[in-house]
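Please read them alongside the sequence and the coordinates.

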Amino acid sequence: MKKRIFSALLALCMMLTALPLTGLTAFAAGITSGDFEYEVLSEENKTCEITDYTGSATTLDIPSELDGYTVTSIGEYAFRNCSSLTSINIPDSVTSIGDSAFGGCTSLTSINIPDSVTSIGSEAFCDCVSLASVTIGKGVTSIGKNVFGGCRSLTTINISDSVTDIGYEAFYYCTSLTSIVIPDSVTSIGDNAFRYCSSLASVTIGKGVTSIGNNAFRGCRSLTSIVIPDSVTSIGNEAFYNCYSLTSIDIPDSVMSIGDYAFCNCSSLISIVIPDSVTSIGDGAFTDCDNLTIYGYAGSYAETYAAENSIPFVALVAAEDMTSGIIVMETTDGVLSEDTELNVEQTESTEMRVSYNITLVQNGAEIQPAGTVTVKIPVPDGMDGRTCKVYREEADGTYTDMNAVYQDGYMVFTTDHFSVYVLTSEALGITLGDVNGDGKVDAVDARWVLQVAAGMRTLENATAADVNTDSKIDAVDARWILQAAAGMRTLDA
């Protein structure tokens with residue numbers, strides 16, 4: 001028996017002896033340095049991860065280096081339940097924040113996540129009940145599961161345009177959050193993302209979002225209105241369940257499905273526009289919306305659904321020019337009348353652009369719509385709608401970008417005024433770099449670009465600011481503008 005035990009021990013010693021030193025480092029226990037415990041990630045690169053904090057500081061500067069090792073990661077649970085911490089500075093050396101890294105830091109009031117951070121783990125700041133303000137750096141691409149769940153003091157958050165995904169329960173039960181701007185970079189809003197954000201009254205959803213997840217805004221009982229961009233194709237189950245204050249909503253004609261109980265118990269909802277693109281509406285989608293009227297187009301699925309569920313239905317007016325294929329549709333009842341005629345005259349056609357003089361006629365006289373209408377202009381053969389724009393030619397010869405989006409062969413936009421419209425792959429009436437429209441390209445324009453990138457300014461027309469045409473407005477555009485102002489670069493329209 002003793003011989004077998006000795007043989008086993010000898011074999012184990014031989015295995016350990018055969019391991020390289022780097023392997024032994026990986027298995028080493030945490031190393032203590034002051035109030036921090038860390039583990040070496042790479043002996044070769046001299047990097048480490050903070051795994052624990054034993055101090056009781058209220059304000060803490062996390063070091064960028066421990067014992068000659070660069071801190072690149074804050075590990076799982078590293079600062080969890082450090083109830084004394086009120087303020088934390090994360091160094092630029094950190095690239096990742098682990099699961100629950102700061103969870104339960106109940107006194108933490110604000111935090112800036114530097115641009116160096118590219119990943120934030122699940123529940124990283126969960127139940128930081130005093131956290132009122134968060135700035136997320138431009139390196140982060142995803143806000144994961146329950147990252148800020150239960151941060152019930154959080155009133156504002158700045159989401160950078162590097163973020164592409166807002167995950168499951170990302171802001172669950174953030175009961176003090178009053179407004180949020182979701183940038184165009186975000187493509188999906190996950191299940192329960194803003195569930196029970198009971199003070200959330202204003203939401204701007206970016207034009208990149210294609211899906212709104214199940215229960216995404218459930219229980220947001222202060223939400224009165226929300227604009228869903230025409231990039232969204234689906235609205236999930238119970239997405240707006242119990243949004244008691246929601247009074248009206250327009251569903252863009254990109255949406256094809258509305259999930260089960262999506263607007264259930266939205267008791268203040270009196271009108272909803274459902275386009276003919278919607279071919280599926282789930283069970284109980286409008287249960288307990290007792291004052292609701294559905295607006296849609298005659299013969300659409302929305303009309304059938306309304307009849308089957310005993311919901312009042314009002315048919316909107318649409319007009320189509322059979323020669324050009326241009327369609328004008330009401331977005332609210334009463335903007336057009338049944339005897340409104342749509343007249344379209346093609347005034348120009350080249351490989352790069354096509355122009356139409358669009359008018360509405362009623363009782364023999366030209367009229368303007370009584371409100372906002374949606375216009376769909378077919379993209380001609382040989383042109384790529386994904387790179388096209390639509391401009392309105394104004395009386396003074398200037399052009400207004402209509403911010404049209406490409407959908408199923410059409411450029412789609414809204415307007416309340418008709419004149420000549422140009423569908424083109426060229427930039428019309430715009431000087432790249434002249435962001436403020438003063439006829440000069442200078443440092444002021446670069447400053448405007450940086451303010452837009454930081455969320456401090458908005459632009460009605462962003463084309464002039466995106467000088468490198470990568471569909472982002474950022475510091476690179478500002479640098480190009482400064483180089484152009486100094487004569488070091490030419491900005492091509």
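1. Helix H4 (residues 443-453) and helix H5 (residues 475-485) pack at an angle of about 180 degrees, with their axes 8 Å apart; the axes are lines fitted to C-alpha atoms over the stretch in contact, and angles run from 0 to 180 degrees between N-to-C directions. H4 and H5 are therefore roughly antiparallel to each other, a term that applies to angles over 145 degrees. The contact (heavy atoms within 4.5 Å) involves Ala 443, Asp 445, Ala 446, Val 449 and Leu 450 on the H4 side, and Ala 475, Asp 477, Ala 478, Ile 481 and Leu 482 on the H5 side.

2. This is a predicted model, in which local features need pLDDT of at least 70 and side-chain atom pairs count only at pLDDT 80 or more, whereas totals for chains, interfaces and linings use all residues. Residues are numbered from 1 along each chain as its sequence is written, and side-chain values use heavy atoms, with hydrogens and water left out. Helices (H or I, at least four residues) and strands (E, at least two) are DSSP runs numbered from the N terminus.

3. Within H5, Asp 477, Ala 478, Ile 481 and Gln 483 are buried, that is, under 20% relative accessible area with a 1.4 Å probe and protein chains only; H4 is included in what covers the buried residues of H5. At the start of H5, a side-chain oxygen of Asp 474 comes to within 3.2 Å of the backbone nitrogen of Val 476, and after H5 comes Gly 487, which has a positive phi near 80 degrees.

4. Leaving aside residues up to four places away in sequence, Phe 194 touches a set of residues including Ile 166, Phe 171, Leu 200, Phe 217 and Cys 220.

5. Which residues hold the cysteine sulfur closest to that of Cys 174? The closest is in Cys 197, at 5.1 Å, which is too far for a bond, since a disulfide is a pair of cysteine sulfur atoms within 2.5 Å. Cys 174 is buried, with a relative accessible area of 0%. Cys 264 is likewise in no disulfide, with the nearest cysteine sulfur, that of Cys 289, 6.9 Å away, and Cys 264 counts as buried at 5% relative accessibility. By this rule the count comes to zero disulfides.

6. Ser 324 lies in the loop between strand S27 (318-320) and strand S28 (327-330) and is buried, with a relative accessible area of 18%. The side chain of Ser 324 makes a polar contact with the side chain of Asp 321 (2.6 Å); such a contact is a pair of N or O atoms within 3.5 Å, where within protein one must be able to donate a hydrogen and the other to accept it, and residues adjacent in sequence count only if both atoms are side-chain atoms. The side chain of Ser 324 also reaches the backbone nitrogen of Ile 326 at 3.2 Å.

7. Gln 407, in strand S35 (residues 405-407), counts as buried at 10% relative accessibility, and the side chain of Gln 407 reaches the backbone oxygen of Asp 230 at 3.0 Å.

Note on methods. Buried means under 20% relative accessible area, exposed over 50%, partly exposed in between (1.4 Å probe, protein chains only). Angles under 35 degrees count as roughly parallel, over 145 as roughly antiparallel, 65 to 115 as roughly perpendicular and the rest as oblique.
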